[in-house]
Amino acid sequence: MRKNLIINLSLALLLVLTFTVSTMAAEYTINAGIGLNDKSAQYKSLEFFKELVEKNSDGQIEVNLYHSSQLGDDREMMEALQMGVQEMTCPSTAPIAPFVNGFKVFDLPFLFPTHEAADYVLDGPVGQDLLKQLEDVGIVGLAFWENGYRQLTNSVRPVETPEDVKGLKIRTMENPMHLAAWKEMGANPTPMAFGELFSAMQQGVVDGQENPWGTIYLQNFFEVQDYTTNTGHVYSPFVLMISKQFYDKLPSDLQDVVYEAAQKAKDHNRRTNRAMNAEYLEKLKDVMNVTILTPEQKAAFQEAVQPVYDQFKDEIGADLVEEVQAQVKEFQAQ
Ligand code: TK8
């Protein structure tokens, strides 16, 4: 009888303790916002990141996720991190350039010939040094995730050559390299926040845009765009970043939890993103007019945008551009 009483009391105490721990308000809250929707590889990797951080911090940190530009566009969210009113976001490198100039190097057209070459440079000294430079503007760059190779879509005509781009109103990210590249081909580029893009295409404010296959499919761009071409003109990295004000407040063990989760989620993100981009190209073939360029046709685009290197090499920093190109060659020689 006495033994049962002790067992029951112990069980009741365990239940109360479990409930208390689970409902105990987390000591730290991370609000993380992105522009893509909750079907994206980026969001799935953030869910993976959230699970790791909440588990490995024993609930001391809770992570809330906001997709589809609910917290603002990429620039606004980076400014919110600087002010300490939002904790995390994950923009492409293109809108980071106005904050840290060196990030322009990653939006040079046809810079990375393969995903693996991009990984080698981004995870190497050049990429890690640029992440470190974010700290000078109040942001901690945790890891390079992947947006992917950017592909052109438009609602006017099939595009097989740079000449086919002439006169097309193309939305670009807010970055001078992207504007310059489309101007070189005779297009009429306009910078625009991602959140405004779908309605701008729907209303004919722009004829086209460029993003990886997964974004084109999962954001339903095929509903307002008829043609797409595998230009692959830029490899777009994402940067998973956290407010320095917030990160510096974390005890070092929780900083390690966040940092390690970002690295594990980086691997998850690259794997997931590559699989999804390949999968959604096949699905787009059922709903869009897809042009797959021959190597010669793709070389014509590469040649058409080559002047962008001369235009921007000094602005980016010639040493940085040459270092990245050297590292790509080093990787390919392995
Ligand atoms: C989403 C954007 C998007 C980017 C763009 O927030 O702006 O076209 O490719 O992924 O960061």
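**Reading the cavities and the pocket**

Modeller: Let us begin with the lining of the largest cavity, which by class has 10 nonpolar, 5 polar and 5 charged residues. Here Ala, Val, Leu, Ile, Met, Phe, Trp, Tyr, Cys and Pro count as nonpolar, Asp, Glu, Lys and Arg as charged, and the others, Gly among them, as polar. Please keep in mind that this is a predicted model, where local features need pLDDT of at least 70, side-chain atom pairs count only at pLDDT 80 or more, and totals for chains, interfaces and linings use all residues. Residues are numbered from 1 along each chain as its sequence is written, and side-chain values use heavy atoms, with hydrogens and water left out.

Biologist: How is empty space found in general?

Modeller: Rolling a probe the size of a water molecule over the atoms shows where empty space is left. On a 1 Å grid over the protein atoms alone, a cavity is a set of points where a 1.4 Å probe fits but cannot get out, while a pocket is an open set with protein on both sides within 12 Å along at least five of seven lines; lining residues have an atom within 4 Å of a point. Grid points are joined across faces, edges and corners, and a volume is the space filled by probe spheres set on the points.

Biologist: How many cavities of 30 Å³ or more does the structure hold?

Modeller: There are 3 of them. The largest cavity contains about 210 Å³ of space, and of its 20 lining residues, Asp74, Ser92, Arg171, Met173 and Phe194 are the closest to its centre.

Biologist: Where does the ligand sit?

Modeller: The ligand is in the largest cavity, a term used if more than half of its atoms lie within 2 Å of the grid points.

Biologist: Which residues are around the ligand?

Modeller: A residue counts as near if one of its heavy atoms lies within 4 Å. The residues around the ligand include Gly35, Leu36, Asn147 and Phe238, and the shell divides into 4 nonpolar, 4 polar and 3 charged. A polar side-chain atom of arginine 171 is 2.7 Å from a ligand oxygen, and an N or O atom in the side chain of aspartate 74 is 2.8 Å from an oxygen of the ligand.

Biologist: What about the second largest cavity?

Modeller: That one holds about 110 Å³ of space. Of its 15 lining residues, the closest to the centre are Ser40, Ala41, Gly214, Thr215 and Asn273. The lining has 7 nonpolar, 8 polar and no charged residues.

Biologist: And what volume has the largest pocket?

Modeller: Its volume is about 360 Å³. Among its 17 lining residues, His115, Tyr149, Gln151, Gly232 and Lys298 are the closest to the centre.

Technical notes:
Polar contact = N/O pair within 3.5 Å; in protein donor to acceptor, adjacent residues only side chain to side chain.
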